[in-house]
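Open your viewer, keep the sequence panel beside it, and let's walk through this model one selection at a time. Each stop tells you what to pick and what you will find there.

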Amino acid sequence: MFCLLPAAQAQAHASEQGFVLLLPTGLYIAGGTLAVVASILLVTVLSKRALAIIFRPVELGQGWRSNALVTLCNLFATASFVALIGIGLFGPTDPQSNLLPLVIWTMLWVGVFVTQGIFFDVWRWINPWSGLHRLAMGASEPIYKLPVKLGVWPAVVLFMMFQVFAIADIAPSDPRRLANVAAGYWIFTFLGMVIFGRKPWLAQVEFLSVLFNLIGRLRPANFARTLRLGTPGWNAIERGPLSISLAVFCLLVLGTGSFDGLHETFWWLAKIGINPLEFPGRSAVIWTSSFGMFAASLALISIFAFAVWTGVKCVGKSPKSTFANAFTAFAIAILPIALGYHFAHFLVSFLVQIQYAALAFSDPFQQGSNLFGLGQIQITTGFLKSPASVKTIWLTQAGAVVFSHILSVLMAHHVAGTLVANRKNIVLLQLGISVLMVAYTVFGLWLLATARGM
């Protein structure tokens, strides 16, 4: 993603780490896998009532929300976005000094993604379209109505286009190139909201809103009319099964995220006939990266569908546990894995790039400014050279992957309990899903540990 970085800086990307892991990787992967297997065995003895208690939120009092304040923050986000586009077009040409790529790829794609899934609904406050639309259009009726039957398929298409740009484009971090793409997408989205209405467009077409709203269902705390706190994922379970298009969207978040890590490994580069020590540049792998991303996503959807079908066949005929019901119900249980891997994959990158972002904030146009006193920051990657800090980082990454898989197991078990009645069928229904989760634990930990090029 940070394709224009010098070699020494590129090593700071979570998918391009330059250090050698000092941990017994094979044993560590085995330990993580055993933890997931143990959790699967444990939940088989939990009753439906016990799972219901685990995922039952507690109400802590009245929530607070101010639409006027949200609109004001949205307008500030719009103004900030316009300023970022200006910086992208007329600011420094170096992606490490230009604020636009640092904000989009580090603060938005990593920081907001993780914050949205763990802490609070930050996207509602920084959405760069909603405030201006409310101000300009008020409560006016849309010109046309989006068909409800369309689902979120438009968002699925746009999300895949975004991932092609991020993973396969020749220079996604080039400030000028990124500014043109971002400005074009902003105009496209705002016009869509004007024509089809704000809420339908954001709910069905605008992929960032669809993505962040989905990820937000995993948050332990929900600040709505009342403040509710519970086990991560309770809100996703409470809101019930997804539509087929939203279920596919969930799987694509995991599939494309996994391929983002896979396509930089020595293993993948060897498969496409490239010597990782003599990488010819991103232009040489545009088509293989694009095709690989689509193939990996299709493979994950197919494997997931087969895992669900296996469980349905094991249960036999049941009014609720049809393939369609099980597919859409189990898909939400995959989401914690996507969040956990996203965090682990980009952790090192974030720790380095956020320092560059702070420096860029201090001097957006590289004219010697020192806004907010941030110019005193010294960029450091020393935490990648100390054995103790490297172990801490890798333990944190591996822990995030394993914990997310365990949460997925708990959610899947609860979902199975809503589709079938007795304990035997609950276990049988998620048999294929359990095997898939164990396999993905091994795969995710291997991705974090394997050698990388590019």
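Buried means under 20% relative accessible area, exposed means over 50%, and partly exposed lies in between, with a 1.4 Å probe and protein chains only. Residue numbers start from 1 along each chain as its sequence is written, and side-chain values use heavy atoms, with hydrogens and water left out. This is a predicted model, in which local features need pLDDT of at least 70, side-chain atom pairs count only at pLDDT 80 or more, and totals for chains, interfaces and linings use all residues.

**Stop 1: colour by confidence**

Colour the chain by pLDDT, the predictor's confidence in each residue, from 0 to 100. The protein has a mean pLDDT of 87, with 92% of its residues at 70 or more. Now select residues 1-22, where pLDDT stays under 50. The model has 64 contacts beyond four places in sequence for this stretch, a contact being heavy atoms within 4.5 Å. Where pLDDT is low, the predicted coordinates should not be read in detail.

**Stop 2: Asn235**

Select Asn235, which sits in helix H12 (residues 234-238). Helices (H or I, at least four residues) and strands (E, at least two) are DSSP runs here, numbered from the N terminus. Is Asn235 buried or exposed? Its relative accessibility is 9%, so Asn235 counts as buried. Leaving aside residues up to four places away in sequence, Asn235 touches Arg217 and Asn222.

**Stop 3**

Next, show the strands. They make an open sheet of three, in the order S1-S3-S2, with antiparallel pairing. The edges are strand S1 (58-62) and strand S2 (221-223), each pairing on one side only. From one strand to the next, the twist averages 15°; axes are lines fitted to C-alpha atoms, for helices over the stretch in contact, and angles run from 0 to 180 degrees between N-to-C directions. Strands of a sheet pair through backbone hydrogen bonds, either parallel or antiparallel. Two strands pair if DSSP finds at least two bridges between them.

Select S1 together with strand S3 (residues 226-229): four bridges link this antiparallel pair.

- Val58 has Leu229 of S3 as its bridge partner.
- Glu59 stands opposite Arg228 in S3.
- Gln62 stands opposite Thr226 in S3.

How many of the five residues of S1 are buried? The count is zero, and S1 is hardly covered.

Ala221 stands opposite Leu229 in S3. The two strands S2 and S3 form a hairpin, with two residues between them.

**Stop 4: H16 and its surroundings**

Move to helix H16 (residues 323-331) and show its buried residues: Ala326, Phe327, Thr328, Ala329, Phe330 and Ala331. What do they pack against? Their partners are helix H13 (244-262), helix H15 (286-315), helix H17 (335-362), H18, helix H19 (423-429) and H20.

**Stop 5: H18 against H20**

Select helix H18 (residues 387-419) and helix H20 (residues 431-449), whose axes come within 10 Å and cross at roughly 170°. H18 and H20 are therefore roughly antiparallel to each other; angles under 35 degrees count as roughly parallel, over 145 as roughly antiparallel, 65 to 115 as roughly perpendicular and the rest as oblique. On H18, the contact residues include Trp394, His405 and Ala412, while those of H20 include Ile433, Tyr440 and Leu448. The contact divides into twelve nonpolar, four polar and no charged residues. Ala, Val, Leu, Ile, Met, Phe, Trp, Tyr, Cys and Pro count as nonpolar, Asp, Glu, Lys and Arg as charged, and the others, Gly among them, as polar.

**Stop 6**

Tyr341 belongs to helix H17 and, at 6% relative accessibility, counts as buried. Its C-alpha is 7.2 Å from that of Ala400, 59 residues apart in sequence.

Gln366 is in the loop between H17 and H18. Although not a glycine, Gln366 has a positive phi of about 55°, and its relative accessible area of 45% makes it partly exposed.

Finish at Pro147, in the loop between helix H7 (130-137) and helix H8 (153-168). Pro147 is partly exposed at 47% relative accessibility, and its C-alpha is 9.6 Å from that of Gln204, 57 residues apart in sequence.
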